[in-house]
Amino acid sequence: MPFGLFEKKEPEPKCPYCNVVLPKFPGAKTKCKACGKYYYARRRPSTMKKSIVTEEELSVVEKEWETYFLAKPEYISAKKELERLLNREPSFYEIKSWVNEKISLGKEQEALKSDPNFIAMKKDLAVQFGRNPSIFEVRWELLNKELVKNRSNKDWGLYCCVKHKMGELLKSEGQFEESLAMFFQVAYLDTQGCNNVGGIPIENVNSPFKEFEPNNYPLGVGVLFEIKDLLDLLKIPKEKAKTIFIKVNEEAKPYQELPIPTDSAWRKLAKEIYVN
Ligand SMILES: [Zn+2]
């Protein structure tokens, strides 16, 4: 049951339009049985108490929350960072998701600090660089190590996953172009139908199990979302996106010829990202 702030409800909830006494405090959006209008339960930042508001008041409360959050230091610095990256005024939604992404990244990094692989790599890099490496540098090297291993094992599915993680890491660092290039590689690999063959013993080399098996499955939702997001963020038009996609994938091939050529792979991707 509700606790803390939720308990401090008004003693007698009333419809904010017609004042009729309501049977109970509403959960969220509710239609008044007496007047047929919708009312909402919202907490206000000024009182931190929940109250019942009209549709019009709802937008006022939402504005109040925006003002409340935008005064917080993490929102202020996120806003500045985004202004610089986007070259325009970011929306509140963009700032909020940026902050949330940073928070989840922070938690992840906190957990990393006790990971033995992370600790070992940090030590290695410190020796190599002659200084303390950044968290980004350590994570990047760990992913690189994994990538090399997957490549030599021909574990292309895993290889593709690591590329995806690299794309996310670059994005979290604000390296959007590099991130897009990485996600383009993921999409390209995705069209090839990547298999993991590392576990197959040598006597089975003639097994029908192939490294790449193209299929008609749609591309992964995650990679599509990232690509759409980055193309939008960087304001890259379709023709330019195609050029980048082909260039990146022609240059980045760490494997022999792949069954699906870059231009067909682009057509498959374009079909999915340019639907309205
Ligand atoms: Zn009413």
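A residue is buried if 20 or more other C-beta atoms lie within 10 Å of its own, exposed if 12 or fewer, and partly exposed in between, with C-beta atoms placed from the backbone. This is a predicted model: local features need pLDDT of at least 70, side-chain atom pairs count only at pLDDT 80 or more, and totals for chains, interfaces and linings use all residues. Residues are numbered from 1 along each chain as its sequence is written.

**View 1. Asn-87 sits in the loop between helix H2 (73-86) and helix H3 (92-112).** Helices (H or I, at least four residues) and strands (E, at least two) are DSSP runs, numbered from the N terminus. Asn-87 has 8 other C-beta atoms within 10 Å, so it is exposed. Its phi is near 65 degrees, a positive value in a residue other than glycine.

**View 2. Asn-19 lies in the segment before strand E1 (29-31).** Here, too, a residue other than glycine has a positive phi, near 70 degrees. Asn-19 counts as exposed because it has 9 C-beta neighbours inside 10 Å.

**View 3. Helix H4 (residues 116-129) packs against H5 at an angle of about 105 degrees.** The two axes are 9 Å apart. Axes are lines fitted to C-alpha atoms, for helices over the stretch in contact, and angles run from 0 to 180 degrees between N-to-C directions. H4 is therefore roughly perpendicular to H5. Angles under 35 degrees count as roughly parallel, over 145 as roughly antiparallel, 65 to 115 as roughly perpendicular and the rest as oblique. H4 contributes Asn-117, Phe-118, Met-121, Lys-122 and Leu-125 to the contact. H5 contributes Glu-137, Val-138, Glu-141 and Leu-142. Two residues are in contact if their C-beta atoms, placed from the backbone, lie within 7 Å. By class, the residues of this contact are 5 nonpolar, 1 polar and 3 charged. Ala, Val, Leu, Ile, Met, Phe, Trp, Tyr, Cys and Pro count as nonpolar, Asp, Glu, Lys and Arg as charged, and the others, Gly among them, as polar. Just after H4, Gly-130 takes a positive phi of about 70 degrees.

**View 4. Leu-142 lies in helix H5 (residues 135-153).** Leu-142 is buried, because 21 other C-beta atoms lie within 10 Å. Leaving aside neighbours within four places in sequence, Leu-142 is in contact with Asn-117, Phe-118 and Met-121. Lys-122 is 20 residues from Leu-142 in sequence, and their C-alpha atoms are 9.5 Å apart in space.

**View 5. Helix H8 (221-234) has buried residues along one face.** They are Val-223, Glu-226, Ile-227, Leu-230 and Leu-231. Seen down the axis of H8, they fall within an arc of 125 degrees, so they line one face of the helix. The arc is that of the directions from the helix axis to the C-beta atoms. The cover over these residues includes helix H6 (156-172), H7, H9 and H10. Turned away from the buried side, Val-221, Phe-225 and Asp-232 are exposed. Asp-232 has 9 C-beta neighbours inside 10 Å. Its C-alpha atom is separated by 11 Å from that of Ile-273, 41 residues apart along the chain. Just after H8, Lys-235 takes a positive phi of about 55 degrees.

**View 6. Helix H9 (residues 238-251) has a buried face and an exposed side.** H9 has 14 residues and reaches 20 Å from its first C-alpha to its last, close to the 20 Å expected at 1.5 Å a residue. The expected span is 1.5 Å times one less than the number of residues. Ala-241, Phe-245 and Asn-249 are buried. Seen down the axis of H9, these residues fall within an arc of 50 degrees, so they line one face. An α-helix has 3.6 residues a turn, so residues three or four places apart point the same way. What covers the buried residues of H9 includes H7, H8 and H10. On the other side, Glu-239, Lys-240, Thr-243, Glu-250 and Glu-251 are exposed.

**View 7. Helix H7 (residues 176-192) meets helix H10 (residues 262-273) at an angle of about 100 degrees.** Their axes are 10 Å apart. The angle makes H7 roughly perpendicular to H10. Ala-187, Tyr-188 and Thr-191 of H7 make the contact with Thr-262, Ala-265, Lys-268 and Leu-269 of H10. This contact has 4 nonpolar, 2 polar and 1 charged residues.
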